[in-house]
Amino acid sequence: MPFPDAEFSGCAAFTMLHHVHSPALQDKLLREVWRVLKPEGAFVGCDSLQSVFMRVLHLGDTFVPICPDTFGARLEEAGFKVIELEKGPSAFRFYALKPERIPLCPVQIAPNNPKETHTPGGNTE
C-alpha cells in the first residue's frame, strides 16, 4: 500500500479478503495493514464462508475463502493481537489490534557502570 508506516488508527475489510488471489497474498495484505496501522490501531472485518452458493456467485471471479479456524493464527503471524473472532452460519467477523511496541532488551543508562541498567517497567539495578 502506498502509505507511510503507522499512518492510520484503523482499517476495515468487509467481505473482500476472499477476492485476494491466494493465501500468500492474503497474508501479505495482513502484514501491510499491520504496517500502516499506528500502535493500538484496530483492524476489523468480516467475510463470507465457503459454500456452494458463494462458489456459484463467484463463477468467473476470484474466490479464495478464508478459513476462520486458522485466520486468528494468520492475524497473529502478521503481528496482530486477536481480540475477537466469531464464526456464524455463513460468515465470520474479526477484531484485532496492533499492539504497542515494547523494547525487547534493557537500555543501558550508565555506560561507565555496567551493573547499572534500566529495564522498561522495572527498577534500576
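A contact here means heavy atoms within 4.5 Å. In the protein chain, residues 24 or more positions apart account for 62% of the contacts with a separation of 6 or more. The model is a predicted one, in which local features need pLDDT of at least 70 and side-chain atom pairs count only at pLDDT 80 or more, while totals for chains, interfaces and linings use all residues. Residues are numbered from 1 along each chain as its sequence is written, and side-chain values use heavy atoms, with hydrogens and water left out.

The protein chain has three helices and six strands; these are DSSP runs numbered from the N terminus, helices being H or I of at least four residues and strands E of at least two. Their order from the N terminus is β-α-β-α-α-β-β-β-β. Of the 125 residues, 28% count as buried, where buried means under 20% relative accessible area, exposed over 50%, and partly exposed in between (1.4 Å probe, protein chains only). The accessible surface of the chain is about 8,100 Å², and 59% of this belongs to carbon and sulfur atoms. Such areas come from the Shrake-Rupley method with a 1.4 Å probe, and for residues only the protein chains shown count as cover.

Helix α1 covers residues 23-36. Its 14 residues should span 20 Å at 1.5 Å a residue, and its end C-alpha atoms are 20 Å apart, which agrees; the expected span is 1.5 Å times one less than the number of residues. Gln26, Leu30, Val33, Arg35 and Val36 are buried in α1. The buried residues of this helix pack against β1 (8-14), β2 (37-48) and α3 (68-77).

Salt bridges come next. Each is a side-chain nitrogen of Lys or Arg within 4 Å of a carboxyl oxygen of Asp or Glu, and the count is five. Arg35 pairs with Asp5, their closest N and O atoms being 2.7 Å apart. Because Arg35 lies in helix α1 and Asp5 in the segment before β1, this pair ties together parts 30 residues apart in sequence. Asp5 is exposed, with a relative accessible area of 54%. Arg35 also forms a salt bridge with Glu32, at 3.0 Å between the closest N and O atoms. Both Arg35 and Glu32 lie in helix α1, three residues apart, about one turn of the helix.

Another salt bridge joins the side chains of Asp27 and Arg74 (2.7 Å, N to O). Asp27 lies in helix α1 and Arg74 in helix α3, so the pair ties together parts that are 47 residues apart in sequence. Asp27 is partly exposed at 24% relative accessible area, whereas Arg74 is buried at 17%.

Two residues have backbone angles to note. Most residues other than glycine have a negative phi. Thr15, in the loop between β1 and α1, has a positive phi near 45°. Glu40, in strand β2, has a positive phi of about 70°, and Glu40 is exposed at 54% relative accessibility.

The structure holds zero disulfides, a disulfide being a pair of cysteine sulfur atoms within 2.5 Å. Cys11 is partly exposed at 25% relative accessibility. Cys67, in the loop between α2 (52-57) and α3, is partly exposed at 34%.
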